[in-house]
Amino acid sequence: MTQETATPVIEVEGLVKKFGDKTVVDQFDINVPKGAIYGFLGPNGSGKTTTIRMLCGLLTPDAGSGRCLGYDILRQSDNIKEHVGYMTQKFSLYEDLTIRENLDFMARMYRVPDRKQKVDKALEELGLANRSHQQAGELSGGWKQRLALAACLLHGPDLLLLDEPTAGVDPKARRDFWDEIRRLSDAGVTVLVSTHYMDEAIQCDNIAYIAYGKKLIDGPARKIPEMVGLNTWRVEGPDLANLAADLEGSDGIEQVARFGSALHISGMDAKKLDNAVNPFRKDKRYTWTSKPAGLEEVFIHLMSGSTDNFAEKKAA
Amino acid sequence: MAFSTSRFLAILMKEFIQMRRDRMTFAMMIAIPIMQLMLFGFAINSDPRHLPTLVEVHDSGPFVRRFLAAMETSTYFDIRGTVAGSRDVDRVLKAGNANFVVTIPENFERDIIRGEKPVLLVAADASDPSTSGSATSALSVLAQNTINSLATGPLSYLASTPDAFSVVAHARYNPAAITSYNIVPGLLAVIISMTMVMITAIAIVRESERGTMETLLATPARAPEVMLGKIIPYVFIGYVQTCVFFILAFWVFAVPFAGPITPFIIGLNIFIIVNLALGFLFSTIAGNQMQAMQMSFFYMLPSILLSGFMFPFAAMPGWAQTIGLVIPSTHFMRILRKIMLKGADLPDIVPDLRALLIILAAVSILAMLRYKRTLD
């Protein structure tokens, strides 16, 4: 790993976290280079939040080791905290404090120099300067998210940990948010972000897919479909619901998913998939195109393929 | 990586702002001392007077008349009428129509004059001992007074007859036996411990419940910064409560403050901090605000019953005294009574201060150890 030009910002191996007898994170490794936008994908309860919390010292791993920003994640979490901006999944600033008071509080907690200017500047950039005396609890979801991001950027962190930052935020606000993330990344800030949204996943440089505590795939976003090796047919035409019903369950077809006015039919074995699809291609009402699988098909595939290790344990 | 004043101040100021915005809690903090003082000071009176009394008369004469008159003037007894026969006596006592029934035996007057020391029977409803206690003890004194006032002329020999029932009540520091003098100072300890423990326990658990604890823990804040920053704003609440308490204690109950003020202030500060630390400790155990509340109430019970507030400490069994000694209120109660009623100075309260400091050290260490800097 040392051949890399710069030392990675996050470098952990074998992280394990158990809550009771449930293994929430199982043998997790990750290597995040400086300035990268690293996406964490996976279904609910897959251990994304737990992993992020272990990286910033909010949870103690049961096993594993590693470094974050050059500090040991087990023993130097105080140093890590000084340089990390962590945005929680749920809004966790003080709702009974005003916008300015919240920013001021966070600036003091990180001992930010020139606090007043920094807070003023943040308010200005947020576009909240004239509402700075409003209590944070009165803000809408999108504004809360922007405030939370501004609050964790005040101390100029080297690493941003964003836990589903755009959940429940409208598309325009999400787009603005990602523009900001991209700007930060260009400025050298490393960003680790967990998300459910495929359009956001595509924005990431690298993607780690986690399901039920295990990392299933990890690589550059462009290469993920290739790495998985999924084949897809796209079909357009009338009465797609019946066609989907007919196709579903055929040998070689692992997944039939509706994408707007088209169906995407995917399978791992290209030959079997073609054999399954061919009889239907005679119907001239439909137009069929073979295409490389997109990220979304890949993730639906991964999600349906991964087993629930909690359920598995019960059966065993 | 030492203590950061900036972070400590940040938490301190945040707490003040939140306290100011939470008007309901603030109002409660002021209302609780007023309500408790009124309830304990007025409604709960362990030296009750004007207790309903009935008389079973089998004889009458100057001694009987004088004795009954003395009972009424003592204000302990309100003579409401007469009863006929011992079955009636049982009935009125059982029904609670009267707390006392005085039975004047036959030939009472004659036997006194003959020097035969007749027995005057008083049946008291002792189901609440504190109700009947002082009134009963007053009876023998009243009897002696009656004899003395009539032992003139030909009956003067009665004055020298020894009366086995005479009790000399000698109440130091509170000669008038006004209960509120004893109850009211102790109330300050009860009010402070009740509100301080609960409010800190809740204030910290609230952070976990609202999710803001995650933000706080993600910052580099250290345990002492958080603990002090969270505790100190409530010290001021304690001061406000103390002021409200004294305004009422002086104006409404005219309770004396015999001793100097400095040792009192030292004791007050230590006591407030002990209770806040205790609340902090509770908050590290409780999972939600409801549990924090329940734990505070659970703590209230022994701190009222075993601290010497309700019952004399010396009269409690050994095990209860041992529990009582661990409770901070016990020691502050002693400080309050010593200073306010007995005029004690600093040297007199040193043992109590020492006990409070030991409890403070133990509670703080436990709280810091239990305070988790992770979400585990």
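Which residues of H3(B) are buried?

The model is predicted, so local features need pLDDT of at least 70 and side-chain atom pairs count only at pLDDT 80 or more, whereas totals for chains, interfaces and linings use all residues. Residues are numbered from 1 along each chain as its sequence is written, chains are lettered from A and ligands numbered from 1 in the order in which they are written, and side-chain values use heavy atoms, with hydrogens and water left out.

**View 1. Helix H3 of chain B and its buried side.** Helices (H or I, at least four residues) and strands (E, at least two) are DSSP runs, numbered from the N terminus. The buried residues of H3(B) are Phe63(B), Val64(B), Phe67(B), Leu68(B), Ala70(B) and Met71(B). They cover an arc of only 155° around the axis, which places them on the same side of H3(B); the arc is that of the directions from the helix axis to the C-beta atoms. Exposed residues Arg65(B) and Thr73(B) are carried by the face turned away from the buried side. Here buried means under 20% relative accessible area, exposed over 50%, and partly exposed in between (1.4 Å probe, protein chains only). Thr75(B), which follows H3(B), has a positive phi near 70°.

**View 2. An open sheet in chain A.** Four strands lie in the order E12-E13-E11-E14 (chain A), with antiparallel pairing; two strands pair if DSSP finds at least two bridges between them. Strand E12 (255-259) and strand E14 (287-292) of chain A are at the edges with a single partner strand each, so one side of each has no neighbour in the sheet. On average, neighbouring strands of this sheet are turned by 25° against each other, direction ignored. E12(A) pairs with strand E13 (residues 262-267) of chain A over 5 bridges, and Gln255(A) has Ser266(A) in E13(A) as its bridge partner.

**View 3. Two helices across the sheet.** Helix H9 (residues 240-247) of chain A lies across E11, E12, E13 and E14 of chain A, at about 10° to E13(A). Helix H10 (residues 270-281) of chain A lies across E11, E13 and E14 of chain A, at about 15° to E11(A). Axes are lines fitted to C-alpha atoms, for helices over the stretch in contact, and angles run from 0 to 180 degrees between N-to-C directions.

**View 4. A hairpin and its neighbour in chain A.** Strand E1 (residues 10-19) and strand E4 (residues 63-68) of chain A run antiparallel and are joined by 5 bridges. Val16(A) stands opposite Ala63(A) in E4(A). E4(A) and E5(A) form a hairpin with 2 residues between them, and Leu69(A) in the turn has a positive phi of about 55°. Arg67(A) stands opposite Asp72(A) in E5(A).

**View 5. The interface of chains A and B.** In this interface, 27 residues of chain A are in contact with 28 residues of chain B, where contact means heavy atoms within 4.5 Å. About 2700 Å² is buried between the chains, and carbon and sulfur atoms give 55% of this area. Buried area is the accessible area (1.4 Å probe) that two parts lose on being put together, summed over both.
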